Amino acid sequence: MRDLMSTKEVAEYLRLKERKIYDLVSRSAIPMSRVSGKLLFPREQIDAWVREKTSGRNNIPFPRSPAVLVGSHDPLLDWAVRESRCGLATLCYGSLDGLDRMVNGEASVAAIHLPPSQGSARNISVSQEKLGKHDVALLAWAQREQGLVVAAGNPLKLQSFEDVCRRKVRVMLRQPQAGSYLLLLELLGAEGMELNDLKVVKQIAQNESEIASAILDDKADVGLAVRSVSRQFHLGFHPLAIERLDLLVSRRAYFEPPLQRLFEFARTKAFSDYAHALSGYGIAELGTVLWSAC
């Protein structure tokens, strides 16, 4: 048999129907090459693929994921995507939303930060729970300071949610799918408080910058966000927690140009200088593999 098989030949070789082969191809679940529009299947790779499937491994390969970044909004990551010209589109509606989109194969990378605020344990456990059988890995991006973003100079002297509650100041929330929203609930609980104890404005912030803009426009007095946002908008900040923002990536997508360019740029002096200028970031572990699905 030839080293490169046609669709009909690989179907006969695997004792499958041709339509099953086309289904596997559509999900990028079988090794193949496309030459001048014709599908070709390298016999050596097909043999290795069969051995893998019969060795007890149960990882589910992603279809070829679109070059889209989902999950949490992060000022440093957002800047790096633009400056690296890596070609990733962004669709950031919160950590939980990002995990769901990864499960559905709608993205190649998701930025996630889930409380408890210290370490990556929750990021790892939720990734394992939702995508443990998919071909993914969790990589460190940065440590971030989260806290109360307030008007410049913190004129209301807000240093805790107890202060926020007692003084009846206007609070802007993130959407419930956001890691910052979950962290807010955790911090409230630590102070013996609930969401109903706060004076919440109607508008929901879809990202960190919308909280800062609302404070500048006097539509809110305070919100929970990262220190770098307060620096960008020349606002005040009172730290409450240090958290880990990690990147959940499709391993296939990791070796493709968009993510390779992003991580290559993240190793440059320009990137480290900008992270330092933003303030509130720790990037010493950037790129470290925290968990892999196999």
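Confidence in the chain is highest in strand 8 (residues 170-174), at a mean of 97, and lowest in strand 2 (residues 33-35), at 71. The score is pLDDT, the predictor's confidence in each residue, from 0 to 100. Strands (E, at least two residues) and helices (H or I, at least four) are DSSP runs, numbered from the N terminus. This is a predicted model, in which local features need pLDDT of at least 70 and side-chain atom pairs count only at pLDDT 80 or more, while totals for chains, interfaces and linings use all residues. Residues are numbered from 1 along each chain as its sequence is written, and side-chain values use heavy atoms, with hydrogens and water left out. The chain averages a pLDDT of 88, and 91% of the residues score at least 70. Where pLDDT is low, the predicted coordinates should not be read in detail.

Four of its five residues are buried, where buried means under 20% relative accessible area, exposed over 50%, and partly exposed in between (1.4 Å probe, protein chains only). Strand 8 pairs with strand 9 (residues 199-205) in the parallel sense, over four bridges; two strands pair if DSSP finds at least two bridges between them. Within this pairing, V171 has V200 of strand 9 as its bridge partner.

V171 has V222 as its bridge partner in strand 10, and M172 stands opposite G223. In strand 10, five of the five residues are buried. Strand 10 pairs in turn with strand 7 (residues 136-150), in the antiparallel sense and over five bridges. In that pairing, G147 stands opposite A225 of strand 10.

The remaining site is D246, which lies in strand 11 (residues 236-250). Why is D246 classed as buried? D246 is buried because its relative accessible area is 0%. Its side chain makes a polar contact of 2.7 Å with the side chain of N123. A polar contact is a pair of N or O atoms within 3.5 Å; within protein, one must be able to donate a hydrogen and the other to accept it, and residues adjacent in sequence count only if both atoms are side-chain atoms. Leaving aside neighbours within four places in sequence, D246 is in contact (heavy atoms within 4.5 Å) with residues including A110, A111, I112, S120, L138, W141 and L290.
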